[in-house]
Amino acid sequence: MSDSNSCAGNDLREVKQLGMWASIASLSYIFWLVGGMELVERIAYYGVKASAGLYAKAPASEGGLGISLSDYGIIISVWALLQTFVPVFTGGISDRVGYKETIFASTIIKICGYLCMAFFPSFWGFLFGAMLLAAGTGIFKPGIQGTLVLSTNRNNTSMAWGIFYQVVNIGGFLGPLVAVHMRQLSWDNVFYACAAIISLNFLFLLTYKEPGKEQRLERQRKIKSGELKQEMLWKDAWSELKKPVVIYYMLVFSGFWFLFNSLFDVLPIHIAEWVDTSVIVTSLFGPEGTSNGILQFWLGLNNEGTKVMPEGMLNLNAGLIMTSCFLIAALTAKYRITSAMLAGCLLSIFAFVLIGATHAAWFIVLAIAMFSLGEMMISPKKNEFMGNIAPEGKKAMYLGFVMLPQGIGWGLEGYFGPKLYEIFASKEIFSREMLLDKGMSQTDVAAIPQGEAFHKLVEFTGQSGRELTEILYQSHNIGMAWYIIGAIGTISAVGIYIYGKWLLRMQQAQA
C-alpha cells in the first residue's frame with residue numbers, strides 16, 4: 001500500500017490562519033458556551049485528579065485511603081484506560097445521537113462518580129468512583145470538541161484550539177485550589193464540592209444549540225431511506241484507526257503522555273515527601289509566612305500560610321499556560337506542527353531530569369515552568385492536527401483518537417509511575433527500613449498503619465522531620481525514578497522527529 005494511498009480522505013494540508021484579533025472576533029457564541037462548560041467540568045475534574053495521590057497515601061486516621069502506591073497505581077491505570085478508550089468508540093456516537101444528549105448524560109454519570117468517592121472512602125469505593133468519572137469524561141469530551149470543530153473553520157482553528165486550551169487550564173488552575181482548601185476541612189468535602197460544581201453544566205445546556213444539527217438529521221434521514229450506507233460504528237472506527245498516519249501518531253505520542261501524567265500522578269507525592277516548600281514562602285513573605293487569605297487561596301498555601309501545598313506548586317503549570325498559552329500558540333503557528341511538538345517534548349524531558357537531580361524547592365518550580373512551556377508547544381497542536389486531517393463527517397471520531405496515545409501513555413504511567421516511585425523514592429518504605437535499623441522490632445514496624453511510618457520515625461528517633469528527610473534523601477538514589485521517566489520521553493522525542501519527516505514526504509506527495 002503506497003503512502004499517498006493510505007491517507008485517502010485525510011486532508012494533510014496546512015491552511016493559512018487569520019490574525020489574532022480577527023480570529024477571536026470570528027468565533028461564535030456557541031464556541032464560548034462550550035468553553036464555559038469545559039471550564040466547569042475541568043474545575044471539578046482537576047479538583048480530584050491533582051489531589052488523588054495525596055488522598056490515597058494519607059493515613060486512614062487523617063481521613064485518607066491509607067493504601068500503598070502500588071494499589072493507587074491500579075486505580076489510576078483503570079481510570080486512564082477507561083477514560084481514554086470510551087471516547088474512541090463513543091466519539092462516533094456523539095456524531096450520530098447528538099452532542100447535547102451525550103453532554104447531558106455524561107454530566108449525570110460524573111456526578112455519581114464524585115458522590116461514590118465521598119460515600120465510600122475505601123480502595124473499592126475510590127476505584128468505582130474513578131471508573132464512573134472516567135466513563136463520564138470519555139463521553140463528555142467528544143461532544144464538546146465536536147461542537148468546537150463545527151463552530152470554527154480552518155482559518156481560525158489555531159486560535160480556537162489555543163483559547164479552548166486556555167479555558168481548560170483556567171479550570172485546571174482553579175480545581176486544585178478548591179481541593180487544597182476543601183481537604184484541609186476534610187477529604188469528603190473535596191468530592192461534594194466537585195459534584196456541586198459540575199452540576200452548573202445543566203444551566204449551560206439550557207442555552208446550548210447544536211451546530212450542524214440539520215446536516216446530522218439529514219444524514220440520518222438518508223441512511224434510513226437507504227440512500228447512504230452507514231458502517232457499524234466500531235468497524236468504521238477500526239478502518240480509520242488502521243491508517244498508518246493514525247497508527248504512527250499513537251505510537252510516538254504515547255511516550256509524551258507518560259511524562260505528562262507523571263507530573264499529575266506522582267509529582268505531588270514527591271513534593272509532599274521530599275521538597276521543603278516553606279523555603280518559597282520564606283523568600284516571598286519572610287519567616288512568618290503570610291496570613292492573607294487571598295494570597296493563601298491563590299498560591300495554594302496551607303491554612304497557616306507557612307508552606308506551599310503540593311497542588312499549589314503544580315498549579316504553576318496551569319497558571320503559566322493560562323497566562324501565556326496564546327502567546328506560545330502565536331509563536332508556534334509559524335512552524336510546522338511536528339517541529340513545534342518535538343521542541344516541546346525535549347523541554348519536558350529536561351524538566352524531569354531537573355526534578356531527579358535536586359529537591360530544592362525553587363528548582364522544582366523551574367522544572368514545572370520548563371515542563372509547562374514544553375506542554376504548551378505540544379498540547380493544543382495535537383487537536384488541531386487531528387481535527388485537520390479528519391475526513392468529513394468523522395471529526396468527533398478523530399478527536400476521540402487524540403485520546404488514544406494519551407490512554408496508552410497514561411495507562412502505562414498510571415501503573416508504572418507510582419510503582420517506580422515506590423521502588424526508588426517512597427518515604428514510607430524508607431522510614432520503615434530506618435526504624436528497623438534503629439532497633440524497632442519487625443512486628444512493631446509491621447503494625448504501623450499505612451502512611452504513618454515517617455511520623456513514627458520522628459517520634460522514635462527524636463530527630464526533627466526536616467533532618468530525617470534530608471538523611472533519607474541523601475542515602476537513597478531518589479532521582480532514578482525521574483530519570484527513567486525522562487528516558488521514556490526521549491524515545492518519544494526521537495519518534496516525533498521521524499514522524500515529522502515522514503509526514504512532510506506525504507504532504508509533498510499529496511501536493
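So, how many aromatic pairs does the count come to? Before I answer, a quick word on the source: this is a predicted model, where local features need pLDDT of at least 70, side-chain atom pairs count only at pLDDT 80 or more, and totals for chains, interfaces and linings use all residues. Residues are numbered from 1 along each chain as its sequence is written, and side-chain values use heavy atoms, with hydrogens and water left out.

Okay, the count is 26 aromatic pairs, a pair being rings of Phe, Tyr and Trp (its six-membered ring) with centres within 6.5 Å; planes under 30 degrees apart are stacked, over 60 edge-to-face, the rest tilted. Take Phe256 and Phe371: they're stacked, at 6.2 Å centre to centre with 5° between the planes. Phe256 sits in helix α12 and Phe371 in helix α18 (residues 361–389), so this pair ties together parts 115 residues apart in sequence. By helices I mean DSSP runs (H or I, at least four residues), numbered from the N terminus.

Now, staying with α12, residues 244–265: its axis comes within 4 Å of that of α13, residues 267–274, and the two cross at roughly 45°. Those axes are lines fitted to C-alpha atoms over the stretch in contact, with angles from 0 to 180 degrees between N-to-C directions. Who makes the contact, meaning heavy atoms within 4.5 Å? On the α12 side we've got Ser262, Leu263, Phe264 and Asp265, and from α13 come Leu267, Pro268 and Ile269.

Terms used: Contact = heavy atoms within 4.5 Å.
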